[in-house]
Amino acid sequence: GSMAETCTMCAAGRYADYGQSECALCEKGYYDATDNSTGAESCEPCSSGKYQNKTGKTACEACEAGYYMQNTGQTECLACSDGTVSDSGSSTCTDCASGRYSNSRGATCQACAVGRYSQSRSYMCTDCA
């Protein structure tokens, strides 16, 4: 008797190389949104401003406000330095303007109080002389 071969379709986030009997998970930093994928190349790298820290995922996560990632295929986002901010899903951080500051991760720079000032990209304000 002959043996009938059956193929199993891989769900989104997984792929199978030709001749493999099991589906493999897309690596961290990659995703696959389509079913029936063949080969690891069907897993696409997360775009800049996004990350994925788990295997076998169908999408990437946006970097939180106050974090950024300029490279693709990453497993985490980097924190913006003091004096800079970013919106969710950013690939870069933006400097706070003169008269504003940021000393916590977030999307907005705070205005200096009356009688205080700051240079651009500051994490604090200084009293006017």
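A disulfide is taken here as a pair of cysteine sulfur atoms within 2.5 Å, and the views below are drawn from a predicted model.

**View 1. The disulfide between Cys 26 and Cys 43.** In this predicted model, Cys 26 and Cys 43 are joined by a disulfide with a sulfur-to-sulfur distance of 2.0 Å, one of the seven disulfides that the structure holds. The torsion about the S-S bond of Cys 26 and Cys 43 is about -80°, and the disulfide is therefore left-handed. Because Cys 26 lies in the loop between β2 and β3 (30-31) while Cys 43 lies in the loop between β3 and β4 (44-45), the pair ties together parts that are 17 residues apart in sequence. Both Cys 26 and Cys 43 are buried.

**View 2. The disulfide between Cys 10 and Cys 23.** The sulfur atoms of Cys 10 and Cys 23 are 2.2 Å apart and form a disulfide, and this link is left-handed, with -95° about the S-S bond. Cys 10 belongs to the segment before β1 (14-15) and Cys 23 to the loop between β1 and β2 (24-25), so the pair ties together parts that are 13 residues apart in sequence. Cys 10 is buried, with a relative accessibility of 3%, whereas Cys 23, at 26%, counts as partly exposed.

**View 3. The disulfide between Cys 63 and Cys 77.** Cys 63 and Cys 77 are joined by a disulfide with an S to S distance of 2.0 Å, and the link is left-handed, with -80° about the S-S bond. The pair links distant parts of the chain, 14 residues apart, with Cys 63 in the loop between β6 (61-62) and β7 (67-68) and Cys 77 in the loop between β7 and β8. Cys 63 counts as buried at 0% relative accessibility, and Cys 77 is buried with a relative accessible area of 15%.

**View 4. The surroundings of Ser 90.** Ser 90 lies in the loop between β9 (84-85) and β10 (94-95), where its relative accessibility of 15% counts as buried. The side chain of Ser 90 reaches the backbone oxygen of Asp 87 at 2.6 Å. When residues up to four places away in sequence are not counted, Ser 90 touches Gly 49, Cys 63, Tyr 67, Tyr 68 and Met 69.

View 5. Asp 82 is found in the loop between β8 (78-79) and β9 and is partly exposed, with a relative accessible area of 38%. Leaving aside neighbours within four places in sequence, Asp 82 is in contact with Ser 102, Asn 103, Arg 105, Arg 121 and Tyr 123. Asp 95, in strand β10, is partly exposed with a relative accessible area of 42%, and it touches Gly 83, Thr 84 and Arg 121 when residues up to four places away in sequence are not counted. Arg 121 lies in the loop between β13 (116-117) and β14 (126-127) and counts as partly exposed at 45% relative accessibility. Most residues other than glycine have a negative phi; Arg 121, although not a glycine, has a positive phi of about 60°.

**View 6. The sulfur of Cys 128.** The closest cysteine sulfur to that of Cys 128 is in Cys 112, at 8.6 Å, which is too far for a bond. Cys 128 counts as partly exposed, at 45% relative accessibility.

How values were computed:
Residues numbered from 1 in each chain as written. Predicted model: local features only at pLDDT ≥ 70, side-chain atom pairs only at ≥ 80, totals over all residues. Heavy atoms only, no water. Helix = DSSP H or I, 4+ residues; strand = E, 2+ residues; numbered from the N terminus. Buried < 20%, exposed > 50% of the residue type's maximum accessible area, 1.4 Å probe, protein only. Polar contact = N/O pair within 3.5 Å; in protein donor to acceptor, adjacent residues only side chain to side chain. Contact = heavy atoms within 4.5 Å.
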